[in-house]
Amino acid sequence: MRIIRENNTQMQAGRQIGCLNKGLGSIPGDSSAEQIVQLGWNLLREDLSLPTAVLYRDRLEHNLGWMQRFMDAYRVRLAPHGKTTMAPRLFQMQLESGAWGITLASAHQTMVAHAHGVHRVLMANELVGRQNMQMIANLLRDPEFEFYCLVDSAAGVELLGRFFSVLGLRLNVLLELGVIGGRCGVRDDVQLEQVLSALAKWNNAIQLCGVELYEGVLKEEKDIRAFMQRACDVTRTLLERNAFARKPALLSGAGSAWYDVVAEEFAAAEFGDAVEIVLRPGCYLTHDVGNYETQQRRILASNPIARETRSGLVPALHIWAYVQSVPEDELAVVTMGRRDAAFDSGLPTPALHVRPGSSEPKPCLAHWETTKLMDQHAYLKIAAGDNVRVGDMIGFNISHPCLTFDKWRTIPILDEAYNVVDVVQTYF
């Protein structure tokens with residue numbers, strides 16, 4: 001199945017939206033995003049098939065600008081994690097806003113990005129398996145494509161070295177650091193030296209370009225700062241040993257929750273021109289009202305650069321659905337379920353309410369609450385007399401955009417008047 005997906009992606013990349021897409025309804029099979037926009041659809045006029053995920057253009061633009069200004073203030077580079085959206089149209093927006101490149105998590109994702117014109121990828125993961133290596137090898141034959149992946153063991157280096165040396169290609173890698181109880185990454189100096197020895201053996205096929213880590217496996221700020229400082233120490237040691245083939249060497253970290261702490265610690269190391277720092281948050285683009293909103297409040301309260309902006313990230317992704325039944329005074333059943341929105345880190349929360357024929361949504365009442373999701377239904381707790389009717393439309397905020405995007409093949413982008421002004425296509 002995966003092989004079919006790879007070939008299909010290359011053949012269809014950017015060609016057409018397709019027909020009978022969830023959220024767009026029935027459209028001709030050869031319709032392009034531009035043709036769909038020309039239809040003049042409007043969410044409030046019920047031109048879209050609900051449930052549908054939607055993005056808001058003004059909020060996307062706000063988040064793009066906010067994060068890029070934050071990174072610029074610390075003089076670090078931004079390589080947003082594309083696994084969040086797997087949407088080349090959004091990759092393009094991020095690159096046009098100043099991103100250094102796109103971070104991805106797999107060979108398949110890398111191939112999708114390359115097929116849509118992304119020329120620099122940091123694959124924040126180990127590259128393992130013959131077919132995955134072959135996919136990357138094929139991309140490396142493009143002289144304009146710059147690629148990095150991770151290594152954390154002599155065994156992994158050995159596999160990569162054997163494969164790429166036969167092909168006469170050189171693979172750029174970053175040394176991944178890890179913590180006890182975490183996921184990948186070298187835990188101690190013994191493992192570190194083993195990896196460095198393996199890299200020296202295969203220096204004709206693999207070149208060490210920097211150091212990488214992921215701090216999201218840790219929960220306490222003091223532990224995260226200590227981990228960052230360890231990464232800086234390792235980087236400084238490897239600089240002194242002239243171990244890096246790339247100049248400047250890369251130092252990369254930061255998911256979507258602790259990017260402020262990573263920026264502070266890496267910037268404080270004062271590597272100057274010897275190191276290029278690349279941070280990788282991905283969920284900032286659409287944000288959410290769950291864990292990332294909690295972390296954003298912490299950042300706005302504690303980080304001086306964030307405080308100076310006088311604004312934060314804003315939710316830019318909603319799921320819109322219909323009320324399909326009001327079987328009890330305090331229960332409305334909505335046409336949205338687990339097939340439509342993430343539920344792993346909190347249920348969707350009702351945000352906007354509109355009755356077809358109205359010109360503008362109103363905020364949902366504060367006591368409305370999603371209490372349960374089934375495959376295609378949401379239980380919405382209301383109160384008697386709340387004037388909720390069958391056919392009403394409700395827009396929901398979500399928690400965890402990563403596991404919402406992967407449920408949608410196409411997502412319309414709306415302007416402030418809820419007109420469809422663009423269409424995002426995803427490739428999961």
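The residues lining the largest cavity divide into six nonpolar, two polar and two charged, where Ala, Val, Leu, Ile, Met, Phe, Trp, Tyr, Cys and Pro count as nonpolar, Asp, Glu, Lys and Arg as charged, and the others, Gly among them, as polar. The model is predicted: local features need pLDDT of at least 70, side-chain atom pairs count only at pLDDT 80 or more, and totals for chains, interfaces and linings use all residues. Residues are numbered from 1 along each chain as its sequence is written, and side-chain values use heavy atoms, with hydrogens and water left out.

**Cavities**

- The structure holds two cavities of 30 Å³ or more; on a 1 Å grid over the protein atoms alone, a cavity is a set of points where a 1.4 Å probe fits but cannot get out, and lining residues have an atom within 4 Å of a point.
- The largest cavity has a volume of about 50 Å³, a volume being the space filled by probe spheres set on the points, which are joined across faces, edges and corners.
- Its lining consists of E176, L177, G178, V179, G182, R183, C184, Y214, V217 and F227.
- The second largest cavity has a volume of about 40 Å³ and is lined by S256, Y259, C283, Y284, H287, Y292, Q296 and L313.

**Largest pocket**

- About 710 Å³ of space lies in the largest pocket, a pocket being an open set with protein on both sides within 12 Å along at least five of seven lines.
- This pocket is lined by 36 residues, of which K83, R183, Y214, G216 and Y292 are the closest to its centre.
- Strand β4 (120–126) and helix α11 (291–302) each supply at least two residues of the lining of the largest pocket; helices (H or I, at least four residues) and strands (E, at least two) are DSSP runs, numbered from the N terminus.
- By class, the lining of the largest pocket has 12 nonpolar, 14 polar and 10 charged residues.

**Helices α6 and α7**

- The axes of α6 (residues 130–140) and α7 (residues 154–167) come within 11 Å and cross at roughly 45 degrees; axes are lines fitted to C-alpha atoms, for helices over the stretch in contact, and angles run from 0 to 180 degrees between N-to-C directions.
- That angle makes α6 oblique to α7, since angles under 35 degrees count as roughly parallel, over 145 as roughly antiparallel, 65 to 115 as roughly perpendicular and the rest as oblique.
- R130, M133, Q134, A137 and L140 of α6 make the contact with L159, L160, F163, F164 and L167 of α7, contact meaning heavy atoms within 4.5 Å.
- This contact has eight nonpolar, one polar and one charged residues.
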